[in-house]
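Thanks for coming. I have one structure to go through today, and I will take the whole chain before single residues.

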Amino acid sequence: MPFEGLRQQFTIRALDHMGTVPCYQGTIAKDPNYPFKTWKDITRVPGEQVIRPEASVREIWKKTGVVR
């Protein structure tokens, strides 16, 4: 099911209701322009690259006795 969220459109898969939401990776650092730490060298990682594959989810469910 496609969904329009604050971080653009993503998909919620039927198998386990997990969303392909993007993640952000970077470093937290002091910035003299702000009284708090901010992100530095930030990279956006697409949700499709970080979500567990469906085959892996089914395998874990089989090992742990989850029935769906």
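How much accessible surface does the chain have, and what share of it belongs to carbon and sulfur atoms? The accessible surface comes to about 5,800 Å², and 56% of that belongs to carbon and sulfur atoms. Areas here come from the Shrake-Rupley method with a 1.4 Å probe, and for residues only the protein chains shown count as cover.

Some ground rules. This is a predicted model, in which local features need pLDDT of at least 70 and side-chain atom pairs count only at pLDDT 80 or more, while totals for chains, interfaces and linings use all residues. Residues are numbered from 1 along each chain as its sequence is written, and side-chain values use heavy atoms, with hydrogens and water left out.

Now the overall layout. The chain has 2 helices and 4 strands, in the order β-β-β-β-α-α from the N terminus. Helices (H or I, at least four residues) and strands (E, at least two) are DSSP runs, numbered from the N terminus. The radius of gyration is 17 Å, well over the 11 Å that the globule rule gives for 68 residues, so the chain is more spread out than a compact globule. That radius is taken over C-alpha atoms, and the rule is 2.2 Å times the number of residues to the power 0.38. Along its principal axes, the C-alpha trace spans about 55 × 25 × 15 Å.

Of the 68 residues, 19% count as buried. Buried means under 20% relative accessible area, exposed means over 50%, and partly exposed is in between, with a 1.4 Å probe and protein chains only. Among contacts with a separation of 6 or more, 34% are between residues 24 or more positions apart; a contact is heavy atoms within 4.5 Å.

On charge, there are 11 positive and 7 negative side chains, and the centres of the two sets lie 7 Å apart. Lys and Arg count as positive, Asp and Glu as negative, and His and the chain ends are not counted. Each charge is placed at NZ of Lys, CZ of Arg, CG of Asp or CD of Glu.

Next, the loop between S2 (8-11) and S3 (23-29). His17 lies in this loop, and its phi is near 60 degrees, a positive value in a residue other than glycine. His17 is exposed, at 56% relative accessible area. Thr20 lies in the loop between S2 and S3 too, but Thr20 is buried, at 15%. Not counting residues up to four places away in sequence, Thr20 touches Phe10, Thr11, Gly47, Glu48 and Ile51.

Strand S4 covers residues 38-45 and includes Asp41. Phi of Asp41 is near 55 degrees, again a positive value in a residue other than glycine, and Asp41 counts as exposed at 58% relative accessibility. Thr38 is also in S4, and counts as buried at 19%. Leaving aside neighbours within four places in sequence, Thr38 contacts Thr27, Ile28, Ala29 and Asp31.

Last, the rings. How many aromatic pairs does a search of the whole structure find? It finds 2. In one of them, the ring centres of Tyr34 and Phe36 are 5.5 Å apart and the planes are at 35 degrees, so this pair is tilted. Rings of Phe, Tyr and Trp (its six-membered ring) pair if their centres lie within 6.5 Å; planes under 30 degrees apart are stacked, over 60 edge-to-face, and the rest tilted. Tyr34 is partly exposed at 45%, and Phe36 is partly exposed at 49%.
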